[in-house]
Structure formats: C-alpha cells, structure tokens
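Hello,

Here is the structure we spoke about, passed on for you to look through. My notes on what was found follow below it.

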Amino acid sequence: MSPVRRCSRTACGRPAVATLTYVYADSTAVLGPLATYAEPHCYDLCAEHSERLTAPRGWEVVRLAVDTAAARPSSDDLEALANAVREAARTPRPDPRDPSPREGLRGADGRDADPMEVARRGHLRVLRSPEP
C-alpha cells in the first residue's frame, strides 16, 4: 500500500491535497486541508478536483485554506532535527555493564539530576522528570 493518499475520484491517480466532507444537516460541503487520517465518509481530492468542486443546487461550499507547503518539512524543521541529534550524541551515556553507582549525576540536594527510566518499548523510553 502506498503511503501517499490518492484522489477519491474514479480513475484519478493524483495525490490528494484536500478533504471533502458533507454536512447534510446544513446542506454544506466543506473542503479543507487533507485530513490526518482517511475517514470512511470523507473524500480526498487532488488539487485539480478540489478547484473544480461544485455542490448541488441549494448547497453551500465552504473552502478552508489549503496550505500545501506546510505538508513538506521546512529547513527549520530539518535544522531542529539535526540539532537534536547532535545534542543526543554529545550526552554521555553510562555503561550498562558498569556496576558502580552514578555519583557524578546527582544534584545538589542528593537526588538524581537525570530523569529515571519508567518503562521501555523497543528503542523508546518513558522517562520520569526529576522532582522540582
């Protein structure tokens, strides 16, 4: 299955950029940015079909701003990610095979300065923040 969602219109294979939802109680068609998840009663539309959208007589079309540039990572996002990776690489990690206590990691009041690991799932860890 392709990670890119496609236009819901028959025989259209272009990538979707907007989501169409009908509000039957108000006789309104709402066309907005692509929804985070594909919903069963919503329609994903490509740029061409979203621009040409018309509603039945007596219905109103509400067009919310569709910002296609926001879906792509910006240079700020990539720079922040690179800085986070560099910071994580600089942080010294204790050797798990070392049985000695972590004396250098205590705060002024004697408590651990680093958060404690609460749980682990794969490569992800849940950390408890130190008490203020």
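The model is predicted, and 3 salt bridges are present in it; a salt bridge here is a side-chain nitrogen of Lys or Arg within 4 Å of a carboxyl oxygen of Asp or Glu. Residues are numbered from 1 along each chain as its sequence is written, and side-chain values use heavy atoms, with hydrogens and water left out.

Helices (H or I, at least four residues) and strands (E, at least two) are DSSP runs, numbered from the N terminus. Asp44 is buried, at a relative accessible area of 8%, while Arg5 is partly exposed at 22%. For these words, buried means under 20% relative accessible area, exposed over 50%, and partly exposed in between (1.4 Å probe, protein chains only).

Glu48 takes part in a salt bridge with Arg14, where the closest N and O atoms are 3.1 Å apart. That pair also links distant parts of the chain, with Glu48 in helix α1 (residues 47-51) and Arg14 in the segment before β1, 34 residues apart. Both are partly exposed: Glu48 has a relative accessible area of 35%, and Arg14 has 38%. The side chain of Glu48 also meets that of Arg52 in a salt bridge, at 2.7 Å from N to O. Arg52 counts as exposed, with 54% relative accessibility.

Next, the cysteines. The structure holds 0 disulfides, a disulfide being a pair of cysteine sulfur atoms within 2.5 Å. Cys12 is in no disulfide, and the nearest cysteine sulfur, that of Cys46, is 3.8 Å away. Cys12 counts as buried, at 11% relative accessibility.

On the chain as a whole, the secondary structure comes to 2 helices and 6 strands. From the N terminus on, the elements run β-β-β-α-β-α-β-β. The chain has 132 residues, of which 13% count as buried. It exposes about 11000 Å², and carbon and sulfur atoms supply 54% of that area; accessible areas come from the Shrake-Rupley method with a 1.4 Å probe, and for residues only the protein chains shown count as cover. Among contacts (heavy atoms within 4.5 Å) between residues at least 6 apart in sequence, 45% join residues at least 24 apart.

Last, the confidence of the prediction. The chain averages a pLDDT of 76, and 64% of the residues score at least 70. Among the elements, β3 has the highest mean pLDDT (94), and strand β5 (residues 116-121) the lowest (69). Over residues 102-114 pLDDT stays under 50, and the model has 15 contacts beyond four places in sequence for them.

Regards

Methods. This is a predicted model: local features need pLDDT of at least 70, side-chain atom pairs count only at pLDDT 80 or more; totals for chains, interfaces and linings use all residues. pLDDT is the predictor's confidence in each residue, from 0 to 100.
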